[in-house]
Amino acid sequence: MLTEEILILSRAVHFGSCLALLAIFAVRLIVEPPALDDGRAARRMAGLCLALAAGSGFLWFWASAAGMNGSGLIEALNWPLFQLVLTQTPPGQAWMFRCGVGVILALLLCFARRGWSWWVGAALAAALVGSIAWLGHAGASADASRPWMLAADVTHLLAASLWPAGLLPFALLLRRRMKAGAIPEARAAVRRFSAISLGAVAVVVASGTVNALFLVGSFHALVSSDYGRLLMVKLALFAAALALGAWNLLIHKPRLESSPGAMAAIARKVWIEAALASLIILVVAILGTLPPANAPPNP
Amino acid sequence: MKKLLLALLCCLAGLDGAYAHAFLDHADPRVGSVIHASPAEVKIWFTEKLILPFSDVKVVDAAGNEIDKRDKRLDPANGALLIVSVPALKPGRYTVTWRATAVDTHVTHGTFTFAVSP
């Protein structure tokens, strides 16, 4: 069914663009300093990510409304239906909040130039990323564990913005610095990104484990359900990206000062890690359309 | 497209490609049960909170006539409990058809039967 395909692709683009948006702010504020430019390139990238998030977010909302209404996409393209979804459903209210945040962020990117605007932008981008949790299984949960599920999901999303989503803006930053011949600054960025990504990976693993306990619950469910088996694919991709990151950390990073080729080797592997991260996001987009592994079968 | 994406990932993970959601947790009258007194309501508990405007429940008799009072509602204390009132049911077999739109916007459908015995 076309609606389902559009739902999955729009979710994947939306997740990726929102995570990348927060990652751009995080890299600019934490990894990049001292900044060697006026931030114009980073603002343009952030604007592009926000535009992608807006477009894909609309498609996701539209496909969801069509699915809820049991109609085709064209039939669902009407304001009364959109108004009903926006005002009388919990996901609709979450979408209204996210739209508001997106509009404020867009205005900030267009008009604000002071240093503080990066921090405000980061907070708004974090709100955009974290609120995705209210559109997923955690937000729909009916039992007492809902606050914990939401907390784990929000933490997972925010940490994933640093790693692996941070890999793409970091790869672009490295390329800019290497092109400009700013090798000491590139080395400093590598050391700083390496430090924060270690922490981000730990949080991703911990919060992901909590999510899995809520949504999978047992080894049997992990291996016998579609959700569980697809989660294992996600974990395999995650492990592959982690292995590349570990290679960079343990083999190339110690040689940053002494080996001229170490920086280029790191940059190449970061691009591969970023490609694996894109696949992870696609898997996550599909995972969210499947019932949790611990959902009871139809009696 | 979704089938192609899942097929690619199935090659790695051996998925069987089933997409159907199944969220009914339990019902009253119980699924497949035979009861001796007519219920005043049919209640269906789901595993996730529902969105009422996009959820539905119908009770039909053996002849296919809808016999519920068309007053579907969610329990104010439990957004995962869908209720519809029924009149006094005569002995016979009844089919409950439900459509549940969860708060995460996923839609599931299902039917079950119960019988009222004299």
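Reader: What ipTM does the predictor give the complex?
Author: The model is predicted, and the predictor reports scores for the complex. Its pTM is 0.83. The ipTM of the complex is 0.71.

Reader: In which element of chain B is confidence lowest?
Author: Chain B averages a pLDDT of 84, and 81% of its residues score at least 70. Confidence in chain B is highest in strand E4 (residues 56-60), at 97. At the other end, with a mean of 44, stands helix H1 (residues 2-13) of chain B.

Reader: Over which residues of chain B is the pLDDT below 50, and how many contacts does this stretch have beyond near neighbours in sequence?
Author: Where pLDDT is low, predicted coordinates should not be read in detail. In chain B, the pLDDT is below 50 over residues 4-22. Beyond near neighbours in sequence, the number of contacts that this stretch has in the model is 30.

Reader: How many helices does chain A have?
Author: From the N terminus on, the elements of chain A run α-α-α-α-α-α-α-α-α-α-α-α-α. Chain A has zero strands. Its count of helices is 13.

Reader: What radius of gyration does chain A have?
Author: The C-alpha trace of chain A spans about 65 × 50 × 35 Å along its principal axes, and 46% of its 299 residues count as buried. Because a compact globule with 299 residues would have a radius of gyration near 19 Å, the value for chain A agrees with that expectation. That value is 20 Å.

Reader: Which element gives the most residues to the side of domain 1 of chain A that touches domain 2 of chain A?
Author: Chain A is divided into domain 1 (1-135) and domain 2 (144-299), with 20 Å between their centres, taken over C-alpha atoms. In the contact between them, 23 residues of domain 1 meet 29 residues of domain 2. On the domain 1 side, the elements that give two or more residues are helix H1 (2-31) and helix H6 (116-130) of chain A. With 15 residues, the element that gives the most is H1(A).

Reader: How many residues on that side of domain 1 of chain A are nonpolar?
Author: The side of domain 1 of chain A that touches domain 2 of chain A includes two polar and two charged residues. The number of nonpolar residues there is 19.

Reader: Where in chain A does A:Pro164 lie?
Author: The peptide bond from A:Trp163 to A:Pro164 is cis, with omega near 10 degrees. The place of A:Pro164 is the loop between helix H8 (146-162) and helix H9 (167-179) of chain A.

Reader: Where in chain B does B:Pro29 lie?
Author: The peptide bond from B:Asp28 to B:Pro29 is cis, with omega near 5 degrees. The place of B:Pro29 is the loop between strand E1 (24-28) and strand E2 (34-35) of chain B.

Reader: Does B:Arg70 count as buried or exposed?
Author: B:Arg70 lies in the loop between E4 and strand E5 (73-75) of chain B, and has a positive phi of about 55 degrees although it is not a glycine. Because a residue with 12 or fewer C-beta neighbours within 10 Å is classed as exposed, and B:Arg70 has 12 inside 10 Å, B:Arg70 counts as exposed.

Definitions and conventions:
Residues numbered from 1 in each chain as written. Chains lettered and ligands numbered in written order. Predicted model: local features only at pLDDT ≥ 70, side-chain atom pairs only at ≥ 80, totals over all residues. pLDDT = per-residue confidence, 0-100. Helix = DSSP H or I, 4+ residues; strand = E, 2+ residues; numbered from the N terminus. Contact = placed C-beta atoms within 7 Å. Domains from an automatic or database assignment. Nonpolar A, V, L, I, M, F, W, Y, C, P; charged D, E, K, R; others polar. Rg over C-alpha atoms; globule rule 2.2 N^0.38 Å. Buried ≥ 20, exposed ≤ 12 C-beta atoms within 10 Å, placed from the backbone.
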